Amino acid sequence: MCICWIHSTVPDAPYIIAETVNSYGLKFKYFHILDSDYANPFKENKNIEKDFEKYKNIIYKKIILGYVIENNNSRWLTNIEISNGIIDAVTYENDVYIVGSVEPWERRP
């Protein structure tokens, strides 16, 4: 299993990791942690899993980090909320798992 949270400053890193893991010839679950911008309704080409289809040994899963609305204010997730959300995502193994909220988009902190 791979859990990958990689900053956008190294855009090729998720694919380098996938290529390496894929080369082992064993099935791997690849949990790709994405920031809330991935859920931007105005952003095009959000079908990132298509990029991973060429890796035949990768079972690709997305974890999207959102925000929390609390007391009519929005805030980013805490480290504990992120950690617990990632644990839940790995436990439930949904193809897409959202930690917190990503809607409404205009409520992002």
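Tutor: Let's start with a term: two strands pair if DSSP finds at least two bridges between them. Helices (H or I, at least four residues) and strands (E, at least two) are DSSP runs, numbered from the N terminus.

Student: Okay, and what kind of model is this?

Tutor: This is a predicted model, where local features need pLDDT of at least 70, side-chain atom pairs count only at pLDDT 80 or more, and totals for chains, interfaces and linings use all residues. Residues are numbered from 1 along each chain as its sequence is written, and side-chain values use heavy atoms, with hydrogens and water left out.

Student: Thanks! How many bridges join S2 to S3?

Tutor: Seven, and the two strands run parallel. In that pairing, His-32 stands opposite Lys-62 of S3.

Student: Which sense do S3 and S6 pair in, parallel or antiparallel?

Tutor: Parallel, over four bridges, with S6 covering residues 96–99. There, Ile-63 has Tyr-97 of S6 as its bridge partner.

Student: How many residues of S3 are buried?

Tutor: Seven of its eight residues are buried, so S3 is largely enclosed by the rest of the structure. Buried means under 20% relative accessible area, exposed over 50%, and partly exposed in between (1.4 Å probe, protein chains only).

Student: Switching to helices: which residues of H1 are buried?

Tutor: In H1, residues 13–22, they are Ala-13, Pro-14, Ala-18, Val-21 and Asn-22. Viewed down the helix axis, they fall within an arc of 165°, so they line one face of H1. That arc is taken from the directions from the helix axis to the C-beta atoms.

Student: And what do they pack against?

Tutor: Strands S1 (2–5), S2 (28–34) and S3 (58–65), plus helix H2 (49–52). Contact here means heavy atoms within 4.5 Å.

Student: How many aromatic pairs are there?

Tutor: The structure holds seven. Rings of Phe, Tyr and Trp (its six-membered ring) pair if their centres lie within 6.5 Å; planes under 30 degrees apart count as stacked, over 60 as edge-to-face and the rest as tilted. For Tyr-30 and Phe-52, the centres are 5.0 Å apart and the planes at 45°, so that pair is tilted.

Student: Where do those two sit in the chain?

Tutor: Tyr-30 is in strand S2 and Phe-52 in helix H2, 22 residues apart, so to speak of the chain, the pair links distant parts. Both residues are buried. Phe-52 also forms a stacked pair with Tyr-60, at 4.3 Å centre to centre and 20° between the planes.
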